Amino acid sequence: MKPIILPLLLCASLFAADGYKIYEQHCASCHMVMLPLNEPERGIQKAKMKAPTMRMVSMRLKMMIHIHNEDEDIQRKVVKAFIKEYIDDPDEDYVLCLPEMVEKFGVMTPVKGLTNAEKEAVAEWLWEQF
């Protein structure tokens, strides 16, 4: 039985949604991954920003959604659940961004048409990257 499990897992991973690719297709038009480190380019990109960077979003979510006993696995699940729900239904009442970010960029528009697997993949990518 064991020899069959490994190939099945490898096949499943080939068909799993790629969070970065989903980000590129559905999020990158507004969210950069992060700002460049070199100052001149950083200033140019900052002026073009339509939304907070994904790095900012991830750091803010991890900071704002904290678990009392500091269980990282539970925090990961809660943050990912928030991301998946927020993708479909961004609501000003549930914004976790700094107020000045909301004032500057507004509330995100919903991203429609993603499957649960795609939302899971982008949420996992966002958690893992930052």
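What covers the buried residues of α2? I started my notes with that one. The cover includes α4 (54-64) and α7 (116-129). I should say at once that I am working on a predicted model.

**Overall layout**
I went through the secondary structure and counted 7 helices and 0 strands. Reading from the N terminus, I get α-α-α-α-α-α-α. The chain has 130 residues, and 31% of them are buried. I also looked at contacts between residues at least 6 apart in sequence: 52% of these join residues at least 24 apart.

**Helix α2**
Back to α2, which runs over residues 19-26; I find Gly19, Ile22 and Tyr23 buried there. They sit on the same side of α2, because their arc around the axis is only 105°. I then checked the N-terminal end of α2 and found Asp18 capping it. A side-chain oxygen of Asp18 is 3.0 Å from the backbone nitrogen of Tyr20.

**Helix α5**
Next I took α5, residues 72-88, and tested its length. Its 17 residues at 1.5 Å each should span 24 Å, and I get 25 Å between the end C-alpha atoms, which agrees. Which residues of α5 are buried? My list is Gln75, Arg76, Val79, Lys80, Ile83, Tyr86 and Ile87. Their arc around the axis is only 130°, so they lie on the same side of α5. On the other side of α5 I noted Lys77 and Glu85 as exposed. For the cover over the buried residues of α5, I again wrote down α4 and α7 among the elements involved. At the start of α5, Asp71 brings a side-chain oxygen to within 2.9 Å of the backbone nitrogen of Asp73.

**The largest pocket**
Last, I looked for empty space. Rolling a probe the size of a water molecule over the atoms shows where it is left. The largest pocket comes out at a volume of about 810 Å³. I count 36 residues in its lining, with His31, Pro52, Val57, Tyr86 and Met108 nearest the centre. The elements giving two or more residues to that lining are α4, α5, α6 (99-105) and α7. Which element gives the largest share of the lining? I have α4 down for that, with 7 residues.

**Cross-check**

Note on methods:
Residues are numbered from 1 along each chain as its sequence is written. This is a predicted model: local features need pLDDT of at least 70, side-chain atom pairs count only at pLDDT 80 or more; totals for chains, interfaces and linings use all residues. Side-chain values use heavy atoms; hydrogens and water are left out. Buried means under 20% relative accessible area, exposed over 50%, partly exposed in between (1.4 Å probe, protein chains only). Helices (H or I, at least four residues) and strands (E, at least two) are DSSP runs, numbered from the N terminus. The arc is that of the directions from the helix axis to the C-beta atoms. Contact means heavy atoms within 4.5 Å. A polar contact is a pair of N or O atoms within 3.5 Å; within protein, one must be able to donate a hydrogen and the other to accept it, and residues adjacent in sequence count only if both atoms are side-chain atoms. The expected span of a helix is 1.5 Å times one less than its number of residues. On a 1 Å grid over the protein atoms alone, a cavity is a set of points where a 1.4 Å probe fits but cannot get out, and a pocket is an open set with protein on both sides within 12 Å along at least five of seven lines; lining residues have an atom within 4 Å of a point. Grid points are joined across faces, edges and corners, and a volume is the space filled by probe spheres set on the points.
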